[in-house]
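Open the model in your viewer and get ready to select chains in pairs. This tour goes from one interface to the next.

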There are 4 protein chains.
Amino acid sequence: MSHLFRLVVSCPDRLGIVAQVSGFIASQGGSITEANQHSDLATGRFFMRYEIQMDTDASRAEVLRQAFRPIAQRFEMDWALHDASRRKRVVLMVSKASHCLVDLLYRWKAGELDCEIPLIVSNHEDLKPLADWHGIPFQHVPVRVDDKETDFAEVERLVDEAEADCVVLARYMQILPPRLCERYAGRIINIHHSFLPSFAGARPYHQAYERGVKLIGATCHYVTEELDAGPIIEQDIHRVSHCHTPDDLVRFGRDVEKAVLARGLRWHLQDRVLIHGNKTVVFA
Amino acid sequence: MSHLFRLVVSCPDRLGIVAQVSGFIASQGGSITEANQHSDLATGRFFMRYEIQMDTDASRAEVLRQAFRPIAQRFEMDWALHDASRRKRVVLMVSKASHCLVDLLYRWKAGELDCEIPLIVSNHEDLKPLADWHGIPFQHVPVRVDDKETDFAEVERLVDEAEADCVVLARYMQILPPRLCERYAGRIINIHHSFLPSFAGARPYHQAYERGVKLIGATCHYVTEELDAGPIIEQDIHRVSHCHTPDDLVRFGRDVEKAVLARGLRWHLQDRVLIHGNKTVVFA
Amino acid sequence: MSHLFRLVVSCPDRLGIVAQVSGFIASQGGSITEANQHSDLATGRFFMRYEIQMDTDASRAEVLRQAFRPIAQRFEMDWALHDASRRKRVVLMVSKASHCLVDLLYRWKAGELDCEIPLIVSNHEDLKPLADWHGIPFQHVPVRVDDKETDFAEVERLVDEAEADCVVLARYMQILPPRLCERYAGRIINIHHSFLPSFAGARPYHQAYERGVKLIGATCHYVTEELDAGPIIEQDIHRVSHCHTPDDLVRFGRDVEKAVLARGLRWHLQDRVLIHGNKTVVFA
Amino acid sequence: MSHLFRLVVSCPDRLGIVAQVSGFIASQGGSITEANQHSDLATGRFFMRYEIQMDTDASRAEVLRQAFRPIAQRFEMDWALHDASRRKRVVLMVSKASHCLVDLLYRWKAGELDCEIPLIVSNHEDLKPLADWHGIPFQHVPVRVDDKETDFAEVERLVDEAEADCVVLARYMQILPPRLCERYAGRIINIHHSFLPSFAGARPYHQAYERGVKLIGATCHYVTEELDAGPIIEQDIHRVSHCHTPDDLVRFGRDVEKAVLARGLRWHLQDRVLIHGNKTVVFA
């Protein structure tokens, strides 16, 4: 029975890494079906991602990890060996706007997003029917201006309880508390509705309209404590002109946001995104 | 003999403008071959640009202007009637980088840019051979750190002497003094090598590299006193990834800069760009 | 009470059309809030579309049409005056693939597509739950290889009964009979999953894969008797590479198809698409 | 002294290739600075390209080739080890249109195209001044309708004499004879001014205009005996509308052609393009 593993590595660049790792994989009877590498010349760091096909089953994963450890130690690797059959658990957080949720759930149903969705959390009830129709548990946790701490404690409890590998802010419109950002560092994905670093913060389409830009954009990034400043995963743009009102910008923007978030999440789920300082290496 | 005029108007939006203007044109025997209009709902301002074909010659222009004046006054118009056969005089200002100049001169020779180029000014001598080959006068005006005032006075004298309708900063890399910006307001076009408002100021590709953006861009805008903050005419982007070094960004950026500047200048030469506060209406 | 009308005209190009039409609108107290015109030099045909705001109500439409008739006759116009408050009735036809339907229904709910959807017709039952959730009647009309005539007679009966202004083939995957194409000429919109005229006919993504193209596309067009040869409304593309399998092409293609169909339909609903021989004028 | 080699391989896909090749490189003291691999699942063929940095000089190349031969034989590889310091010799063939030539020569001068240009061949004399200014030999070989054979024999003699590694048809507008296509198979690059397979053959922009497409394109491909049917290296498009005349399409097309040809040639020069049947693997 053929099984797919993904090996993801970053380490100081050194002679012989590829030979060692690919030799190891061959010695285990693995076939490399997709390979990506990157040497960052500025920092001297090396990144790699291998898709490995092997005649085995999921139980082999732990054995492989044990066997790989000495190589990992020698090269001072940050690394993970993922069993592709173990689908990541993704908690979606939304507010009132439905476009990203509709899009993600469509893609999930169509098989484009290989994950579990154990929970949708929202500070409003508007999108509950959509969750219901897809058979996904929906939790309404209002965020009160005067007691955010309590409310976010509840959010955190729910995310923990759902055993989330990853949290997606699909236009959640609330700023997560530092503690949550830190505990799920590198695992919370946000879609910001501007071409960052332009127009960080609130009402970016209106900022863009005021400035008279000719392109608007959206940015998918990992959430860090600093607002809209985390590592960027993906961006895209849409052309606008003087004809377009702020409402048109919002409408075009929805399409860009959906597309950018879906691509970023898909890559994250396939372990294609490696964080490097405040930047990303994306083996798309 | 058929002759082309361009009527460009902006005024407070009011009922009947189109009827009055098009009635006037018909009464003069003019045929509207291209028409563009825009009502800005936020400010209540109306913009229009007509291309008018008429069996006449250039001498008719002044007669038409006289005849149009009463309508213009009634509707409180900012307006101009351009004779398309009168080619604008464009002074190009460059530094060492050749890409924009090579591109503009190619397009000029190929007939894509309908203008005169009476002069190229540069603070370096590197691009003189290119100017020579095209038979365009080239003036080297070094900009000394300790006496910019004198040097820019010389630049201004040359631009005046060339009877410039328009000045293009084709990667000139110097900040023009306020006096020059003001005297040629709405007629100095700059190409900035970033997707403004991201990365205004110096070394934008290196700023972009540091931030880890996934798209880089360029912006063509009118120059105002405030650096990189004038009305945007055109923007475009190029996709980049973690593979790309700052040098790659510079290389991709050159292509975007050329394209964006050439489009912006072409539109300006054809009277397609109307300034509206710190924004533009572009009838492309 | 302010009311929106749309006047759409095509006629032989002649001096004074704009003056006459805009004069008429002003005389009726109408304000032109959006104007588009196009003179086709090759054929000497003139096209225009005006959005007209008027302090009146829908009942005024017929009065305006009566008053406009003499002008229309003088200039030999093909024309229509649409009351924007009368939403077009759109019948959607689908097969098994859900992506276009999900997208159209999302946009319809979000207010991006200003129309009624009285009916969804399908040759399969797969998408019935989606129709149900949106509260739209769903008719399953199987198309039998050996008795298409009867089946399409039933389809035609349903479309007629729904009083359809427009039929959208949202990946219907069946070829409509000539009679239906003719009766609803200029009102049936199809999405073809290739960048026409490349790869007309069946399995275009596989054709594209075999040819080794580097971009795939989709085309939204009006349906005519000749397969995939009708007037093109909109097209777009997605970049692909040697890495991508036919399945990837299909996946990317879904996104392009959705976007292109939604844009084409939106423009059609707003009377922005004028047919000119086998081409379109799109005042987008 | 650090030296750059490029190893390019295609062979039947088999377990252990990467391990063998990367082991070999490590054993020779080489550092892999860029690595690309592709397994074509449909045909079971494997492709790889490594950039290898080594503390040595060009004289090492032949030694490396000798040492690699046994591995190559065992895996039945088509392969080449290129010394990056040996610049390819590119013969440019042009007709009257200057845009591609201007662009290629600019990029060559700017260091974007790492090659020698020993010769420009043309069937017209128009572009000789451009060749002269860049100090590149220019040969005018008219192609007579009634004696193409003799003329192409002369072209072939010149290309041979120039010891061309590669021939670029930069809008040459003549069909090369089969003999030349065959002798330089995989080394003649053409730019076709349409989005192939749409509009192969003559006057593609006019074909596109007649069909009413909304995007026009250009295709860079290797030349084979069958006209416009060789392996595609790169394609791109430009949006057009009903406003645009065939002349506009030609003008937009020039920009797309330049960009697509320059990208394709750059990749070819860096040994990034591997031919696979009638398709290409491009490690861009």
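**Stop one: chains A and D**

Select chain A and chain D. The contact takes 15 residues from chain A and 15 residues from chain D, where contact means heavy atoms within 4.5 Å. This is a predicted model, in which local features need pLDDT of at least 70 and side-chain atom pairs count only at pLDDT 80 or more, while totals for chains, interfaces and linings use all residues; side-chain values use heavy atoms, without hydrogens and water. Residues are numbered from 1 along each chain as its sequence is written, and chains are lettered from A and ligands numbered from 1 in the order in which they are written.

How much area is buried between chain A and chain D? About 1100 Å², of which carbon and sulfur atoms give 61%. Buried area is the accessible area (1.4 Å probe) that two parts lose on being put together, summed over both.

Now pick A:Leu15, A:Ala19 and A:Gln37. In chain A these lose the most area to chain D, together 33% of what that side buries.

Next, color helix H1 (17–27) and strand E2 (31–40) of chain A. These are the elements that give two or more residues to the side touching chain D. Helices (H or I, at least four residues) and strands (E, at least two) are DSSP runs, numbered from the N terminus. That side of chain A divides into seven nonpolar, eight polar and no charged residues.

Look for links across the interface. Between chain A and chain D there are zero salt bridges, a salt bridge being a side-chain nitrogen of Lys or Arg within 4 Å of a carboxyl oxygen of Asp or Glu.

**Stop two: chains B and A**

Switch to chain B, keeping chain A. Here 34 residues of chain B are in contact with 34 residues of chain A. The two chains bury about 2800 Å² between them, 53% of it on carbon and sulfur atoms. Select B:Arg211, B:Lys214 and B:His242: in chain B they lose the most area to chain A, together 25% of what that side buries.

How many salt bridges are there between chain B and chain A? Four. Zoom in on A:Arg239 and B:Asp236. They form a salt bridge, with the closest N and O atoms 3.5 Å apart.

Finish by coloring the elements of chain B that give two or more residues to the side touching chain A: strand E2 (31–40), helix H7 (204–211), strand E11 (232–239) and strand E13 (279–282). E11(B) gives the largest share, seven residues.

Note on methods: Ala, Val, Leu, Ile, Met, Phe, Trp, Tyr, Cys and Pro count as nonpolar, Asp, Glu, Lys and Arg as charged, and the others, Gly among them, as polar.
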